[in-house]
Each structure stands twice: as C-alpha cells, then as structure tokens.
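Let's take a friendly walk through a protein and look at how its parts meet. Have the picture ready and follow along.

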Amino acid sequence: MADEQQDVLTVNIVTPDGVVYDHRAKLVVVRAVDGDLGIMANHEPIVAPLQIGEVRVQRLDEPDHENRIAVNGGFMEVADNVASIVADSAERARDIDLSRAEAARERAEHKIETAKQTQNQDDLARAQVALRRAINRINVKHDAQH
C-alpha cells in the first residue's frame, strides 16, 4: 500500500475564489513560461511560472479521460507528489460557457482596435491579455468536446 501511494500525484488548482480542482492523477501537463511541462508522481521538487494556457490532467480514476482546465497565469509548485497550481483564475472545461467566452473574445478584439486607433498602449496591453484569456477558454472547451 505504501508503494502504491508513492506513485500517485495529487493535482490541485487554487484561485483567489477557492479550490477549482483537486484530484489524484497519473500525469499533469501545464504551459510554463519556458514551454510545456509534464509532471508524474515522484517528480523532483520544482516551481514554475505559468502562461495563460490549458492544464491537462490524466486522472487515476478515469484513465481514458483527460480533464482540461483553462488557467490564466500563476505558478505551479511540485513537492512530495503534490502539484499545486496557484492561478489568477481557472475554469474547468465543463464549466466554460462557450457563448460568454466568444463574447469576451469579441469585446477584446474591439478594445484592441479602439486602443490601436487612439494609440493607448496600456489599453492595448490589457485588451491583448483579455483576448488571450478568451481564446484559451474557447480552445479548452473545444478540446474537451473532442
């Protein structure tokens, strides 16, 4: 039994609003600043800053299914078979409202055009981040449906 526990990775994702995800997993893949990073049980301790991107989790209780979570930045810490992701915001694919995400993308695209016309670099940067977040949510929802 003790050996079995060593081969189990616990993945949890926390935002300022609380716990978004907490399951035992075989594998978690995140989009770190330096590229994709796959973590399995017994991984060396690591801390990695995350990009806006998709987190994919292969759960132990559903080996043929992969959970997908849209994560907006933050960082991941791995230690003692626990992968903890602390993010500004995160949303499981099953909870993403596609029409709201598409509306957010359209708003961000409009704000980008307005910021370019007025040459407002701060508004442009904020709108570009909002666009990346909206596209990430749309992609995560689409990927989970296939």
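What follows goes from the overall layout to the place where the parts touch.

Keep in mind from the start that this is a predicted model.

Now turn to the place where the domains meet. Here 10 residues of domain 1 are in contact with 8 residues of domain 2. Together, the two domains bury about 790 Å² between them. Of that buried area, 55% is on carbon and sulfur atoms.

What else links the two sides? Between domain 1 and domain 2 there are 2 salt bridges. You can look for a salt bridge yourself by finding E91 and R137: their closest N and O atoms are 2.8 Å apart. The count of residue pairs in polar contact between domain 1 and domain 2 is also given, and it is 2.

Which elements of domain 1 give two or more residues to the side that touches domain 2? They are strand 5 (52-59) and strand 6 (66-72). Strand 6 gives the most to this side, with 5 residues. Finally, consider what kinds of residues domain 1 places on the side touching domain 2: by class, there are 4 nonpolar, 2 polar and 4 charged residues.

Conventions. Residues numbered from 1 in each chain as written. Predicted model: local features only at pLDDT ≥ 70, side-chain atom pairs only at ≥ 80, totals over all residues. Heavy atoms only, no water. Contact = heavy atoms within 4.5 Å. Buried area = accessible area lost by both parts, 1.4 Å probe. Salt bridge = Lys/Arg side-chain N within 4 Å of Asp/Glu carboxyl O. Polar contact = N/O pair within 3.5 Å; in protein donor to acceptor, adjacent residues only side chain to side chain. Helix = DSSP H or I, 4+ residues; strand = E, 2+ residues; numbered from the N terminus. Nonpolar A, V, L, I, M, F, W, Y, C, P; charged D, E, K, R; others polar.
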